[in-house]
Amino acid sequence: MIAALVGVIGLSYLCELVIAQPDWGTALFHTVVPQLSDRSAITLAVGIVGATIMPHSLYLHSGLPQGRTPERNDSERRGLLRFSNQEVVIALGFAGLVNLAMVMMSTSVFSKSTPGIADIGVAYHTLVPALGVGAATVFLVALIASGISSSVVGTMAGQVIMQGFVGFSIPVWARRLITMVPAFVVALSCNTMTAMILSQVVLSIVLPLPIIALLVLSSRKSVMGNFVTGRWTALAGGATAVLIVLLNVVLIRQILA
């Protein structure tokens, strides 16, 4: 179901790119050569990292293989891990491409028609005169699909984390209230766009903690046995964690300056 929802989001933004006609040469160049032109660009860059590699999704992806199928020997465990790793790489890679499509579509349309746009509702209404009703409808479908998929992922991640850390169960109605009420309070009392960006920034700031914990635990033979993380994988993960920490530090220094 999650794959289907993400697929809907990807196809929606692919349609938007066909209609919006971005500057493909500039987009390809800056895909390889990043450019942070001002203070807000750093905030958005950190937010995109947090939105793509969400810290709670690391716990979810680590927990999903456990209940997928019983493994009878190390050979079957190795095959299950290989399948899960491929699944995660494809999922996160596709999520990254969707984020790229979002940014490209936004810069191609909103920077020309309505510079400085700061609300999703305004963005939806702006698309109608800029690209037509069809593009606005596709944008709306993508928003609904992304909202459902992110809510499901967050709920499943919370369930996985609770199973490992909490020794009691919480009724379903209580879980729904605990997770939904704060979201409704924020949506009704704050600027939704600002709240969304800040929440993604917080996710990026928290992200190094589960990454480092994952690297440490998966590198221990006492924990992983024959499935301990390889040296190059550990180095790549460590470099990623350092890069995210440095980006977070730059943003925090910018805020405090």
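Biologist: Which residues lie nearest the centre of the second largest pocket, and how many residues line it?

Modeller: A pocket is an open set of points on a 1 Å grid over the protein atoms alone, where a 1.4 Å probe fits and protein lies on both sides within 12 Å along at least five of seven lines, and lining residues have an atom within 4 Å of a point. Here 46 residues line the second largest pocket, and His61, Ser62, Asn85, Leu214 and Ser218 are the ones nearest its centre. Please keep in mind that this is a predicted model, in which local features need pLDDT of at least 70 and side-chain atom pairs count only at pLDDT 80 or more, while totals for chains, interfaces and linings use all residues. Residues are numbered from 1 along each chain as its sequence is written, and side-chain values use heavy atoms, with hydrogens and water left out.

Biologist: What is the volume of the second largest pocket, and which helix gives the most to its lining?

Modeller: The volume, the space filled by probe spheres set on grid points joined across faces, edges and corners, is about 2,000 Å³ for the second largest pocket. Helices are DSSP runs of H or I with at least four residues, numbered from the N terminus, and H5 (74-113) gives the most to the lining, with ten residues. At least two lining residues each also come from H4 (55-63), H7 (133-165), H10, H11 (221-224) and H12 (231-256).

Biologist: How many nonpolar, polar and charged residues does this lining have?

Modeller: The lining of the second largest pocket has 25 nonpolar, 17 polar and four charged residues, where Ala, Val, Leu, Ile, Met, Phe, Trp, Tyr, Cys and Pro count as nonpolar, Asp, Glu, Lys and Arg as charged, and the others, Gly among them, as polar.

Biologist: Which residues of H10 are buried, and what covers them?

Modeller: Buried means under 20% relative accessible area, exposed over 50%, and partly exposed in between (1.4 Å probe, protein chains only). In H10 the buried residues are Pro208, Pro210, Ile211 and Ser218, and their cover includes H4, H9, H11 and H12. Over the whole chain, 24% of the 257 residues count as buried.

Biologist: At what angle do H9 and H10 pack?

Modeller: Angles run from 0 to 180 degrees between N-to-C directions, with axes fitted to C-alpha atoms over the stretch in contact. H9 (residues 192-206) and H10 (residues 208-218) pack at about 30 degrees, with their axes 5 Å apart, and they are therefore roughly parallel, a term for angles under 35 degrees. Ser204, Ile205 and Val206 of H9 meet Pro208, Leu209 and Pro210 of H10 in this contact, contact meaning heavy atoms within 4.5 Å. Five of these residues are nonpolar, one is polar and none is charged.

How values were computed:
Parallel < 35°, antiparallel > 145°, perpendicular 65-115°, else oblique.
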